[in-house]
Each structure stands twice: as structure tokens, then as C-alpha cells.
Amino acid sequence: MLLAGDIGATKTVLALYSLEQGPRTPIVSRTFPSKKYDSLEAVIDTFLSEFDYSVSHAAFGVAGPVVKGRAEITNLPWVLEEERLNAAFALQETHLLNDLESIATSVPNLQAEDLHPVNEGVADPTGAVGVVAPGTGLGEAFLTWDGRRLRAHPCEGGHTDFGPVNDLQHELLAFFQPRLGHVSYERLCSGIGIPNLYAFFRETGRYEEPPWLAQKLRKASDKTPVIVQAAQTQEADICIATLDLFIDILAQEAGNLALKILATGGIYLGGGIPPRILPQLESERFMRSFVSKGRFHQLLADVPVHVICKRDAALLGVATNGLRMVSHRD
């Protein structure tokens, strides 16, 4: 029996899996508010106390880097250690995965209904695959063929230097460098990035901020949904421009990753934002920016691009990884 979990600063999802039912069908699943508990062990105690199951292995996807079997959760004062979890719950083995590694691990198990195509392309089944996931931050990962299957690898590509490609983006970089120092893709292409793009347009005077929108943003605990909704309903030019620029930068960085790993197997857009902006991703704007790589235009035009619409893709990836441990298959 496998205990699998998707651990985030806001919520923790725990589930039990068996080899017989596989990674797409949890036996039981529960969601817990992370901030109400002082450790993952406390959440697991609460979860397991509800059921009479014997657990032998565990796997957890965590919102933060995993180094030598240890992880600190971003925006949550939890420290996870594989050896400590093994001892606490008499487990044979525990595996911690970065959250983007979890999403990447799910990709080979995703089905047609889990995906929304942006560019059909021509997929090489043994080609490398890239995952770009704008949520609160910008996560990236990739998969490579090892001779038997696609194997997921974590990376921190979202924190690489933003590279402007036109006059507007050069001005954007010049605007934020004195304010932020290091301007990464995450600072502009994520849930925390969209308000930054909006601030650039407002503070440089390119667009006026309607009073009703200013009032709405002041009251909002999270400005990103307000900006995105106003762009989609075309209520405010400043929001339309913000979302357009976000789409351009997301497409550029997805194209960058596709070139770096030669993603002939495809690019997958994960995270919370892409499923909410499907009409904009289907527009010519996204693919125009994605393929705009000079002599490599045609190579990128052939790369399949899909949006991951399965909300629990990360948990599916964690369960897939964990059940390999249970079955003793690498």
C-alpha cells in the first residue's frame, strides 16, 4: 500500500494507492489545510487514523527543492526528511519529489481528456518533453527517454534571466531591474508576475487605470484573477495588454525550453493559469511567439503543445513514482 501526497503551502492532499488499482484510482483521498498543522507528520497521523490500512511506502510532491532526501516547503514552516518519515511510520521507503517533477512524471499517464491541444505538431514518442507551469510561481521540468520509459527531471528554469525580444520588453526589463535586481522569468510569467506586468503599464503611463478597477484591485487579496478576468471580458485595455504580454513571455520561455532540451516529444503547459486562459493560448499570438526563434522556426512549429487540464496531475505523478517503489521497478 502506498501513501502519496501533494504538499503545498495552502493545502495538503493525501491518498492511498494499490498496485492493483494503479496511480489514476486512489483508494481514499483527503484534503487538509496545511497551515492548521505544524508538520506533515501531524497531517499523516490524522489521515491514517481514519483507516485500517497498512502502509509500506510513501511518496510526496513538495512545493520546494529536494536535496539529498530533504525538503523545506516554500511559504510553510515544514521540513520533510525521507529517513525521519520512514522511522515515524515504519515505512520501507519514502521518496520526496519536487512539485514540477511530480507533474512531469504524470505526463506519460495523461489521457486525451486530461489535455487541451494548442498545437498538434508531430510527437516523437522517445523525444524529450518539456513542462512549463505558471501558477503562483513559474515551475519547469523535463523528461528524457532512458531506453525504456520517459524519466522526469526537476529544474529551476523559471529563475533564469528574463530575455527581452522587442522594444517593449527591453523597457520592461529596464523598469524592473532597479526595483528587483535580478529579473527572472518567474517575476513576469506567473501569478506573482501578472500584477508586475500590470504595474509596468500603469506606472509608465501607457494605459490609464479605470477607477472601478483600481478599487477592485485594492480590495483583492490576489490581484491576478481580477486582471485576467477584466482582460478576458475586455473591460479594461490595461488588463488586455497585461495578458497579451504574459502570453508572449510564456510562449517565448516555452520555446526556449523546447530548444534547450530539443523537445520533439512535446511541451506541456501546467500550473493553475493555463487552463483558465485557453482561448488566449489558442490564439495565433501564443504560437507566433513560441516559434519565433529564427532558423529554428520550423522545428518549433512541429513541436506539440498541450495544456494540462487535470487538476490533480501532480498527485498522479507522485503516485506513479511511488508505485514503482512498491513494485520494485525503476
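Residues are numbered from 1 along each chain as its sequence is written. In this predicted model, local features need pLDDT of at least 70 and side-chain atom pairs count only at pLDDT 80 or more, whereas totals for chains, interfaces and linings use all residues; side-chain values use heavy atoms, with hydrogens and water left out.

**View 1. An open sheet of 5 strands in the order 3-2-1-4-8.** Helices (H or I, at least four residues) and strands (E, at least two) are DSSP runs numbered from the N terminus. The pairing in this sheet is mixed, two strands being paired if DSSP finds at least two bridges between them. Strand 3 (28-33) and strand 8 stand at the edges with a single partner strand each, so one side of each is left without a neighbour in the sheet. Strand 2 (residues 11-17) pairs with strand 3 in the antiparallel sense over 6 bridges, and Thr12 has Phe32 in strand 3 as its bridge partner.

**View 2. Helix 1 across the sheet.** Helix 1 lies across strand 1 (2-7), strand 2, strand 3 and strand 4, and runs at about 50° to strand 2. Axes are lines fitted to C-alpha atoms, for helices over the stretch in contact, and angles run from 0 to 180 degrees between N-to-C directions. Helix 2 also packs on the sheet, where it touches strand 4 and strand 8; the direction of helix 2 makes about 140° with that of strand 8.

**View 3. The buried and exposed residues of helix 2 (residues 82-89).** Glu82, Leu85, Asn86 and Phe89 are buried (under 20% relative accessible area; exposed is over 50%, partly exposed in between; 1.4 Å probe, protein chains only). These residues cover an arc of only 105° around the axis, which puts them on the same side of helix 2; the arc is that of the directions from the helix axis to the C-beta atoms. On the other side, Glu83 and Ala87 are exposed. The buried residues pack against helix 1 (40-48), strand 4 (57-62), strand 7 (79-81) and strand 8 (93-98), contact meaning heavy atoms within 4.5 Å. Just after helix 2, Ala90 takes a positive phi of about 50°.

**View 4. Helix 3 packed with helix 12 (residues 313-327).** The two helices pack at an angle of about 80°, with their axes 7 Å apart. They are therefore roughly perpendicular to each other (65 to 115 degrees; under 35 is roughly parallel, over 145 roughly antiparallel and the rest oblique). Thr105, in helix 3 (residues 99-106), counts as buried at 7% relative accessibility.
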